[in-house]
Amino acid sequence: MNNAEIVELAHANLLNNYGCMPLAFVRGHGAYLYDADGNRYLDFFCGLAVTSLGHGHPRVVGAIKQQADKLTHASNVFHTEPMARLAARLSAAFGDGRVFFANSGAEANEAALKLARRWGHAHGGRFEIISTLGSFHGRTLGTLSATGQEKYHEGFEPLVPGFKLVPYNDVGAIERAINSKTVGIIVEPIQGEGGVVVPHPDYLTRLREICDRARLLLIVDEVQTGMGRTGRLFGYQHSGIKPDIITLAKALGGGIPIGAMVARREIATVMTPGTHGSTFGGNPVACAAALGVFDALEHDGVIANAAEVGSYLLARLREIAKECPDVREVRGQGMIIGVALKHAAKPVVDACFRERLIVNGTADTILRLLPPLTLTKEEADAGLAVIERALRAEAGAAGA
Ligand SMILES: *Cc1c(COP(=O)(O)O)cnc(C)c1O
């Protein structure tokens, strides 16, 4: 089938809940994607920060194939080696944690919220969780209620009670929101969906202090920032703190759906048999893929490359921005980068797309770049040239 045929068939039968681009991808290799008409695209999007090792990474593909040949599902009534090994890997990376496996970011966060509530009920009858405006934590009713963006709430009320939203990057607002019912704070190290909002460098450190003082759980949502995206394995590691709970998904499985919650061992004890679960959670193929991702991150210098090429992208974009009056700010860390514009990002996204560069717009005016962590300088330059042309053309169009 070609692009038009696939798009038509999809539109005829799918729920119309996504604002989809009118093309279909059939294969990918490294930083490149190929559509159903045979066109090649440079991918600065990674399917929303998922295929962080690029497409078709041999460690991930090899692990999936090997495991698929052996066993694809066993359920949580039993154990499998990939799940056991991945839990050990995640626990060690976090530092003596207990792991729960899910299939998405929303489910990983849902597990974190449920753990926090259960721990709170056992520690003073507390249940309220503080979240931040502009945040994104998922689309289930629980995680949606923790998500600080009204546009996602519309029409789905009533939301789950027990959440309090305060401005991001505002320590005082968090302090004022705490009461005798508060059990925890959920926060992204960098707000991704909210527009690549990078907080003050000591924000997480201050939140850690507050949580220690008030006996609250600090839940860090690493769904978008985790697995090397910011130039460290986890985004919170830039601040030197340790959260009580972290959640992962997106890049964890290198393109295979998997989510995980990792909690400090002492607090995880409130989750006893029967308290929570997921049929597919810890699926052996998904866990094998994630083990392949870990291997690549640990042995192939991928995170160092993300930090280095990410800094290069940031620096070059800031140079380009000097010549583009429509750019308000270039911000980010590692391979999560936002170009804040004075106008809608959509025309710039479309202009890049016409030159076969995949980028993404978020929070209306933010051009978001989420390239593979394996991006080379040459690929970075190829993408930058397109972005520069798109920004200049758009500035010309806006001025005309
Ligand atoms: C994408 C995202 C989620 C939700 O993940 P899904 O897999 O879509 O459920 C949660 N938190 C953050 C920070 C995200 O970026």
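Me: In what order do the four strands of the open sheet run?
Reply: Happy to start there, noting that this is a predicted model, where local features need pLDDT of at least 70, side-chain atom pairs count only at pLDDT 80 or more, and totals for chains, interfaces and linings use all residues. Residues are numbered from 1 along each chain as its sequence is written, and side-chain values use heavy atoms, without hydrogens and water. Strands are DSSP runs of E, at least two residues, numbered from the N terminus, and helices are runs of H or I, at least four; two strands pair if DSSP finds at least two bridges between them. Pairing here is antiparallel, and the order is β11-β12-β15-β14.

Me: Which strands are at the edges?
Reply: An edge strand in this sheet pairs on one side only.

Me: Which residue of β12 is the bridge partner of Arg331?
Reply: β11 and β12 (residues 336–341) pair in the antiparallel sense over six bridges. For Arg331, the partner in β12 is Gly338.

Me: How much area is buried between domain 1 and domain 2?
Reply: The chain is divided into domain 1 (3–56 + 302–399) and domain 2 (58–299), with bounds from an automatic or database domain assignment. Buried area is the accessible area (1.4 Å probe) that two parts lose on being put together, summed over both. Carbon and sulfur atoms give 63% of the total, which is about 2200 Å².

Me: How far apart are the closest N and O atoms of the salt bridge between Glu193 and Arg368?
Reply: A salt bridge needs a side-chain nitrogen of Lys or Arg within 4 Å of a carboxyl oxygen of Asp or Glu. The count between the two domains is one salt bridge. For Glu193 and Arg368, the closest N and O atoms are apart by 3.3 Å.
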